Amino acid sequence: MARETDGIAEVREVKSIDDAAEARKVLLELKRHCDPLCQARGWRVERLVEMCCCTRDGKNLGVAGYCQSRGDKRTALKIAVRLRAPRGHALLPFERALSIMFHELAHIEHQNHSASFYELNDALRKQYELIRDRGFQIVDEAGFPVRGGRALDGARHNP
C-alpha cells in the first residue's frame, strides 16, 4: 500500500554547469513520470541526482546511472542518472533518461542483473505505459487504478 512518503523525495542537479536549471527541469520531469510507479509499488527514493563526467561518481563514462539501495526492497537512498553526453555536456533526450531511470528503479528490489531484475524492468515499462496511456495517476501491481488510497475492485473493472 502506498504511503504518503512514497515517491522521489529530493532532486539534485550539478550546479556548476551553465545550464544547471535545464538539468533540474529534466530531474523534476523524471520525478513527475516516476512518482506514480514508486507510489503504486510502495517505493521511496531519498535522492534523485544528476551524474556528470565532472563529478566523482560520473568519471566512469560507461555507466549511465546507479542505484544505492537500502536493501529493504522498498527504498533507494540515492539514484543517479547521467543526463548529459560526457565531456560536451549536451543534455540527452528525455526518453534516454527515463529508460535509465526505469533500470535504476528496478535495482530497488534486485541489486544484480538477474532474470528477475529484467522481468521487473519490463513490468515497470508496461506499468508506466498503462499510467501514461490511460491517464491514471497510480495503478496497483495488477494494473488497476488506485483512487483515494484503495484499489478499485478488479471484478467490476471495465477496461
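Which residue stands opposite V49 in β2? R12 does; the views below come from a predicted model, where local features need pLDDT of at least 70, side-chain atom pairs count only at pLDDT 80 or more, and totals for chains, interfaces and linings use all residues. Residues are numbered from 1 along each chain as its sequence is written, and side-chain values use heavy atoms, with hydrogens and water left out.

**View 1. The open sheet runs β1-β2-β4-β3, with mixed pairing.** Here β1 (7–12) and β3 (65–69) sit at the edges with a single partner strand each, so one side of each has no neighbour in the sheet. Strands are DSSP runs of E, at least two residues, and helices are runs of H or I, at least four residues, numbered from the N terminus. Two strands pair if DSSP finds at least two bridges between them. β1 and β2 (residues 44–51) run parallel, joined by five bridges.

**View 2. Helix α1 (residues 20–41) lies across β1 and β2.** Its direction is at about 170° to β1. Angles run from 0 to 180 degrees between N-to-C directions, using lines fitted to C-alpha atoms, for helices over the stretch in contact. Contact means heavy atoms within 4.5 Å.

**View 3. Here α1 meets helix α3 (residues 115–134), their axes coming within 10 Å and crossing at roughly 115°.** That makes the two helices roughly perpendicular (65 to 115 degrees; under 35 is roughly parallel, over 145 roughly antiparallel, the rest oblique). From α1, H33, P36, L37, A40 and R41 touch L120, A123, L124, Q127, Y128 and I131 in α3.
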